[in-house]
Amino acid sequence: MVGIKPSDLPPTATVKFFGAGTAACFADLITFPLDTAKVRLQIQGESKATSELAAVKYRGVFGTITTMVRTEGARSLYNGLVAGLQRQMSFASVRIGLYDSMKQFYTRGSETDAGIVIRLLAGCTTGAMAVAFAQPTDVVKVRFQAQVRQADGIKRYNGTMDAYRTIARDEGIRGLWKGCMPNITRNAIVNCAELVTYDIIKELILKHDLMTDNLPCHFTAAFGAGFCTTIVASPVDVVKTRFMNSSAGQYSSALNCTLTMLTKEGPAAFYKGFVPSFLRLGSWNIVMFVSYEQIKRLLTRMQHSWESPF
C-alpha cells in the first residue's frame with residue numbers, strides 16, 4: 001500500500017498475500033454476527049405473505065440479533081463461519097494481497113505512476129479473480145447464514161462439507177458458482193471502493209502530514225473506506241445474497257432477481273440491511289486494515305531476520 005517510509009522494509013507479494021488472508025479471517029471472527037444479521041434482513045420479504053406484517057420477522061440489526069439469539073440460540077449468529085473463514089483465506093488473499101502487485105503490473109513495475117484509473121483497474125481485476133476462485137465458499141456461507149432453525153430441528157445442511165456435497169449433487173457443479181456474475185460485479189465495486197478509497201485517504205493523510213503511518217492513520221482510512229463501500233455496494237450485495245440463497249427456479253437470473261425485487265418490494269429493497277452492512281463493513285475494514293498493516297510489518301521483519309540472522 002501507499003505511505004511506506006524509506007526506512008521501512010517493503011513487504012513482499014507473499015507477505016501481502018498471506019497477511020491479507022490472515023487479517024481478513026481475524027476481521028470475520030469479530031464481525032460475523034453483523035454479517036449474519038445483514039443477510040437475514042436482506043432476504044426478508046422475498047417470499048411475502050398476503051399480510052405485510054406477517055413477513056416482518058426482523059427489525060433492525062440489533063433487533064435481528066436479539067431475535068436470532070432468542071429463537072435459535074447464540075450459535076446461530078455464527079452459522080457459516082467455517083465457510084466464511086475458508087472464503088476469507090482464499091478470497092481476501094487474492095483481492096487484497098495481490099492489489100499492489102496488480103498495480104505494478106499495470107504500471108509495468110512503477111507504482112508511483114498508479115493514478116486513479118490504474119487503481120480502479122487493479123481493484124476490479126483482483127476482485128474478479130477472487131470471486132472466480134472462491135465463489136463456492138461464498139455460496140455455502142450465505143446458505144448457512146440464511147438457514148433458519150425449524151421447530152422440528154430439520155436443517156438445510158448438516159455441516160460445511162455436507163453443504164458443498166448437497167449443492168453439487170442437487171444443483172450440479174454450477175450450483176456452487178451460483179450468483180457468480182452478480183458477485184463479480186459486487187466485488188469489483190467493493191474492491192474498488194474499499195481498496196482505492198483506503199489507498200487514497202491514507203495517501204492524502206500522509207501527504208499533508210496530518211498523521212504518521214501508524215494505527216490512527218490506518219483507522220481513519222479504513223473507516224472512510226467502509227462508509228464509501230457500503231453506499232456503493234449495498235444494491236448489488238442484496239441482489240447477490242437473494243440470488244445465491246434462492247431455491248432452484250425461483251429466479252431465472254440475477255437480472256430477473258433484480259427486476260422481481262424492484263416490482264414487488266420497490267427501490268428501498270436494494271438497501272435492506274444497510275445499517276448492519278455499514279456496521280459490518282465499517283468495523284470489518286477497520287479490523288482488517290489495521291491488522292493487515294501490523295501483520296505485514298511483523299512478517300516482513302521476521303522474513304528479514306530469517307534471511308539475515310546476523
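This is a predicted model: local features need pLDDT of at least 70, side-chain atom pairs count only at pLDDT 80 or more; totals for chains, interfaces and linings use all residues.
**A chat about cavities and helices**

Visitor: Which helices each supply at least two residues of the lining of the largest cavity?

Guide: Helix H1 (13–43), helix H4 (81–95), helix H6 (116–146), H9 and helix H12 (274–307) each give at least two residues to that lining. Helices here are DSSP runs of H or I with at least four residues, numbered from the N terminus, while strands are runs of E with at least two. A cavity is a set of points on a 1 Å grid, over the protein atoms alone, where a 1.4 Å probe fits but cannot get out, and lining residues have an atom within 4 Å of a point.

Visitor: Okay, back to the cavities. How many of 30 Å³ or more are there?

Guide: The count is two. For volumes, grid points are joined across faces, edges and corners, and the space filled by probe spheres set on the points is taken.

Visitor: What classes do the lining residues of the largest cavity fall into?

Guide: Ten are charged, four nonpolar and two polar. Asp, Glu, Lys and Arg count as charged; Ala, Val, Leu, Ile, Met, Phe, Trp, Tyr, Cys and Pro as nonpolar; the others, Gly among them, as polar.

Visitor: And what lines the second largest cavity?

Guide: Its lining is made of Lys38, Arg186, Thr230, Ala233, Ser234, Asp237, Ser277, Arg280 and Leu281. H10 and H12 are the elements that give two or more residues, and H10 gives the most, with four. The space inside is about 60 Å³.

Visitor: New topic: how many helices and strands does the chain have?

Guide: There are twelve helices and zero strands. Of the chain's 310 residues, 53% count as buried. Buried means under 20% relative accessible area with a 1.4 Å probe and protein chains only; exposed means over 50%, and partly exposed is in between.

Visitor: Is Glu194 buried or exposed?

Guide: Glu194 counts as buried because its relative accessibility is 1%. This residue sits in helix H9. Leaving out residues up to four places away in sequence, Glu194 touches Arg95, Ala225, Thr229, Leu281, Trp284, Asn285 and Phe289. A contact means heavy atoms within 4.5 Å.

Visitor: What about Asp209, where does that lie?

Guide: Asp209 lies in the loop between helix H9 (180–207) and helix H10 (215–245). Although Asp209 is not a glycine, it has a positive phi of about 55°. With 66% relative accessibility, Asp209 counts as exposed.

Methods: Residues are numbered from 1 along each chain as its sequence is written. Side-chain values use heavy atoms; hydrogens and water are left out. On a 1 Å grid over the protein atoms alone, a cavity is a set of points where a 1.4 Å probe fits but cannot get out, and a pocket is an open set with protein on both sides within 12 Å along at least five of seven lines; lining residues have an atom within 4 Å of a point.
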